[in-house]
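Good morning, and thank you for joining.

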Amino acid sequence: MLATLLAVPFTACAEDGDAKRGAATFKACSNCHVAVGDRTVFGPSLQGVVGRRAGSLPGFRYSEAMKAAGDQGLVWTEADLSAFLSNPKRKVPGTSMRFWGFWSQSSIDDVIAYLKANP
């Protein structure tokens, strides 16, 4: 049985995430981001972020690193958002985001589920 489990590739996705818990967890992000609307504080609006090219929201001044990541093809899929939310500076070296990352995968999945609920 263990061999079967190990043979199945792991892919991070928010299918098991809970949008309601994600809304509560997102409060840690709300000093800089909004999940609904276009108002930005220190970070871009995250409404519709799932499927968006990195560094591409009009009217927001992204770091050169984030713009370059988008120019090189980074699109915020669930897997890429998961990697970024676990360690932003590892996923996009040079990002200006001042957040170390979430510690638990369940928190990440919940936040992504919440963001997906706000297309």
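Read from the N terminus, the elements of the protein chain follow the order α-α-α-α-α-α. That gives six helices and zero strands, where helices (H or I, at least four residues) and strands (E, at least two) are DSSP runs numbered from the N terminus. Two remarks on conventions are needed here. This is a predicted model, in which local features need pLDDT of at least 70 and side-chain atom pairs count only at pLDDT 80 or more, while totals for chains, interfaces and linings use all residues. Residues are numbered from 1 along each chain as its sequence is written, and side-chain values use heavy atoms, with hydrogens and water left out.

I begin with the chain as a whole. Of its 119 residues, 39% count as buried; buried means under 20% relative accessible area, exposed means over 50%, and partly exposed lies in between, with a 1.4 Å probe and protein chains only. The accessible surface comes to about 7,500 Å², and carbon and sulfur atoms hold 57% of that. Areas come from the Shrake-Rupley method with a 1.4 Å probe, and for residues only the protein chains shown count as cover. Among contacts (heavy atoms within 4.5 Å) with a separation of 6 or more, 45% are between residues 24 or more positions apart.

Next, the aromatic rings. Rings of Phe, Tyr and Trp (its six-membered ring) pair if their centres lie within 6.5 Å; planes under 30 degrees apart count as stacked, over 60 as edge-to-face and the rest as tilted. The count by this rule is four aromatic pairs. One of them, Phe26 with Tyr114, is tilted, at 5.4 Å centre to centre and 50° between the planes. This pair links distant parts of the chain, since Phe26 belongs to helix 2 (residues 19-26) and Tyr114 to helix 6, 88 residues apart. Phe26 and Tyr114 are both buried. For Trp76 and Phe84, the ring centres are 5.0 Å apart and the planes stand at 55°, so this pair is tilted. Trp76 is buried, at a relative accessible area of 6%, and Phe84 is buried, also at 6%.

Phe84 brings us to helix 4. Which residues of helix 4 are buried? They are Glu78, Asp80, Leu81, Ser82, Phe84 and Leu85. Their cover includes helix 3 (64-71), helix 5 (88-91) and helix 6. Leu85 is also in contact with Phe99, a residue of the loop between helix 5 and helix 6. The C-alpha atoms of Phe99 and Leu85 are separated by 8.6 Å, and Phe99 is partly exposed, with a relative accessible area of 24%.

In helix 6 we find Asp110, which is buried at a relative accessible area of 5%. Beyond its neighbours within four places in sequence, Asp110 is in contact with Gly17, Asp18, Ala19, Arg21 and Gly22.

Finally, the largest pocket, which holds about 700 Å³ of space. Of its 29 lining residues, His33, Gly43, Pro44, Met97 and Arg98 are the closest to its centre. On a 1 Å grid over the protein atoms alone, a cavity is a set of points where a 1.4 Å probe fits but cannot get out, whereas a pocket is an open set with protein on both sides within 12 Å along at least five of seven lines; lining residues have an atom within 4 Å of a point. Grid points are joined across faces, edges and corners, and a volume is the space filled by probe spheres set on the points. Helix 4 (78-86) and helix 6 (105-116) each supply at least two lining residues, and helix 4 gives the most, with three.
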